[in-house]
Amino acid sequence: MKLSMHCIVLLLSLCSAVVQSSSLTSEMQPVGSAKLSVFFWDVYHSTLYSADGTYTENKRPLALKITYLRDIDANDLLASTSDEWNKLGVSRDVYQPWLTQLASIWPDIKEKDEFLFLIGEDHSGAFYVNQKRIGSIADKNFSASFLRIWLDPNGSYPKLREQLIGQVK
C-alpha cells in the first residue's frame with residue numbers, strides 16, 4: 001500500500017506542476033511566432049505573448065517563449081546576450097552586472113528545452129526553463145533591455161522581430 005500511495009502522491013505532484021506551468025501564459029494570447037536559423041542551423045522557435053494578442057511597446061504583461069532546436073551552452077547564451085546589447089548601444093557598465101546575475105541563473109540549454117521570460121505589469125521579469133522558475137533580476141530596467149534583443153527595430157534579426165510582433169504572418 002505504501003508503494004501505491006507514493007505513486008499517487010508522485011502523480012499528483014506531476015499533474016500539479018503541469019497545471020502550474022501551463023498557467024504561465026494561459027491568460028495571455030500569442031502575438032506572433034518566428035524561427036531563428038543561422039546559416040544552415042535552426043537555433044530556436046520563439047513566440048511572443050501579450051494580454052490581448054497585440055504588441056504595444058512598453059505595455060505589459062508580456063512573455064517571450066523560446067523552444068531551442070539545438071543544445072546551447074550557458075556561456076554562449078551570455079556571450080550572445082552581451083553582443084546584442086553592445087549592438088543596441090546598451091552601456092557595458094549597465095549590462096555587466098546583469099550578465100553576472102544571469103551567469104548564476106541560466107543553465108546549459110538542451111534541444112527541446114523551453115525557455116520563458118515573463119514580464120509582469122510592474123515590469124519585473126522572471127525566467128523559466130521547462131516551466132520551472134529559475135530566477136529573476138530585480139532591476140526594472142533589465143526586462144525592457146532584455147526584450148530589446150528581440151523587439152528593438154535595430155536588433156540583429158528584423159524579420160524575426162516583425163514576425164514576433166505580428167507584422168508578418
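## The largest cavity

About 40 Å³ of space lies in the largest cavity of this predicted model, and a search of the whole structure finds one cavity of 30 Å³ or more. Here a cavity is a set of points, on a 1 Å grid over the protein atoms alone, where a 1.4 Å probe fits but cannot get out. Its volume is the space filled by probe spheres set on the points, with grid points joined across faces, edges and corners.

Which residues line the largest cavity? They are Ser50, Ala51, Asp52, Thr54, Thr56, Lys59, Arg60, Pro61 and Leu62, where a lining residue has an atom within 4 Å of a point. This lining divides into three nonpolar, three polar and three charged residues (Ala, Val, Leu, Ile, Met, Phe, Trp, Tyr, Cys and Pro count as nonpolar, Asp, Glu, Lys and Arg as charged, and the others, Gly among them, as polar).

## The loop between β2 and β3

Proline 61 sits in the loop between β2 (41-50) and β3 (62-68); strands are DSSP runs of E with at least two residues, and helices are runs of H or I with at least four, numbered from the N terminus. A cis peptide bond, with omega about 15°, joins arginine 60 to proline 61.

Asparagine 58 also lies in the loop between β2 and β3. Its phi is near 70°, a positive value in a residue other than glycine.

## Lysine 112

Look next at the loop between α3 (92-105) and β4 (114-119), where lysine 112 lies. Phi of lysine 112 is near 80°, again positive in a residue other than glycine.

Is lysine 112 buried or exposed? Lysine 112 is exposed, with a relative accessible area of 66% (buried means under 20%, exposed over 50%, partly exposed in between, with a 1.4 Å probe and protein chains only).

## About the model

Residues are numbered from 1 along each chain as its sequence is written, and side-chain values use heavy atoms, leaving out hydrogens and water. In this predicted model, local features need pLDDT of at least 70 and side-chain atom pairs count only at pLDDT 80 or more, while totals for chains, interfaces and linings use all residues.

How values were computed: 1 Å grid on protein atoms, 1.4 Å probe; cavity = no way out; pocket = protein on both sides within 12 Å on 5 of 7 lines; lining within 4 Å.
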